[in-house]
Amino acid sequence: LHQRITDKAYGEKLAALAESDLCRDPHSDAGANVRQLKRQFDKKTKLPEDLVKEQARLSILGQQAWVDARKNNDFPAFQPLLEQIVKLKREEAAALGFPEVPYDALLDDFEPEEKTSNVARVLAGLRKELVPLVAELVDSGKRPDNSILKRTFPIEAQKAFGREAAQRVGFDFSRGRLDVSAHPFCGGSGPHDIRMTTRYSESFFSESFFGTLHETGHGLYEQGLIAENFGVPLGEAISLGIHESQSRMWENLVGRSRPFWEFHFPLAQKAFPSALGDVSLDAFYAAINDVAPTLIRVEADECTYNLHILIRFELEQALVHDELQVADLPGAWNEKYKSFLGIIPPTDALGVLQDIHWSGGAIGYFSTYSLGNLYAAQLFDQAEKDLGDLATAFAYGEYHALLDWLRDKIHRHGRRYTAAELVKNVTGKPLSHEALMTDLKNKFRPLFGLA
Ligand code: ZN
């Protein structure tokens, strides 16, 4: 694959096209396609073939070693492979070159043309307000009774209920499917075949339902790309951060909102009469919005989730910039959990070994999750300004106004713009932490009895 993507004749054609009149406007169809393809070509040709081969080999070995190390709670067994992976990532960054710091080169794989310093600036703003907010909520002494979500929810009823919600928000099941897998994802083989998965637990409502809404957000983005552009950058998502903004918007800003449940809660009571028959809408809404510091990122709530990301973003930079050795990583991990979340993982399996990403060489990925939350909030804020009262529509089970807006402002453009350009075009300002923090404060303070 590397040889084909760095083929000399292909590169010469791209270079000729890039110089032609066709590509004078970088945001025209041809201009955007050629610009992105040439960017990928230029990047890949900087990587020595031996490095690419060794990284491919290590990513396979690394993932297998990680599976065993996590199972056995044995970080030292994984350490030598992770050391190799980090070392090659430093070589990769050196080969690619970077605007400011080596981490830029790695971040670019997941969030093209974004810089570490810019992400760090936005996340620092988020951290400054989020850490005290989480402390305020935890110290309030008020916790919703989330045991109601852990009653018995028959799986067949969950399947029907989740599918109905995915369809109602706009997923087109004639061009996609929802199936079961160990780890939920959204993939597929093109715009007319989008495959989402979820997993079901009979004794926990949230896992499957909010997982389904999350993947539906990814699926709606994929279904909103222009099918004729399939195979070129105009038919692709902009970045992982923008992709995640779509999943988080439907999962959290829509799916965990009160208006959404004004419509869906009576249906949920009908679907799960023995679990929810005696529960009020307010109690249910509070339960799905519990906030508490926990050890595992993928199980974290809407507020604390970003703290898990901040920790990984800082540790990754330290590793890549040779300021932290892999041998010291578990200790550094635990220290950060103590300072950001006030908890210390009792084992490495519940700490530094919990995520698969690093074992496959995906270093530079994590911040895109928080970028997704930040983009989602800023874009949703703009949607509300443009469309007026979305809450009332949600309470009537109507989501097409929001989906049409997303299609028009984001989906149909593919990779015509960078993420930063898109956010500026749509919202009139660069990405900041403000919209997300405003949302979180307005939503969670009242839930926890605070002014
Ligand atoms: Zn996602």
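## Helices 14 and 16

In this predicted model, the crossing of helix 14 and helix 16 is left-handed, the near helix being turned anticlockwise from the far one by less than a right angle. Helix 14 (residues 305-320) packs against helix 16 at an angle of about 140 degrees with their axes 8 Å apart, and helix 14 is therefore oblique to helix 16 (angles under 35 degrees count as roughly parallel, over 145 as roughly antiparallel, 65 to 115 as roughly perpendicular and the rest as oblique). The contact (heavy atoms within 4.5 Å) is made by Y305, N306, I309 and F313 of helix 14 together with S367, Y369, S370 and N373 of helix 16, and by class it has 4 nonpolar, 4 polar and no charged residues.

## Helix 19

Five positions can be listed here by name: A419, L422, V423, V426 and T427 of helix 19 (residues 419-427) are buried, with buried meaning under 20% relative accessible area (1.4 Å probe, protein chains only). Seen down the axis of helix 19, these buried residues fall within an arc of 95 degrees, so they line one face of the helix; the arc is that of the directions from the helix axis to the C-beta atoms.

## Basis of the values

Residues are numbered from 1 along each chain as its sequence is written. Local features need pLDDT of at least 70, side-chain atom pairs count only at pLDDT 80 or more, and totals for chains, interfaces and linings use all residues, while side-chain values use heavy atoms, with hydrogens and water left out.

How values were computed
Buried < 20%, exposed > 50% of the residue type's maximum accessible area, 1.4 Å probe, protein only. Helix = DSSP H or I, 4+ residues; strand = E, 2+ residues; numbered from the N terminus. Axes fitted to C-alpha atoms, helices over the stretch in contact; angles between N-to-C directions. Nonpolar A, V, L, I, M, F, W, Y, C, P; charged D, E, K, R; others polar.
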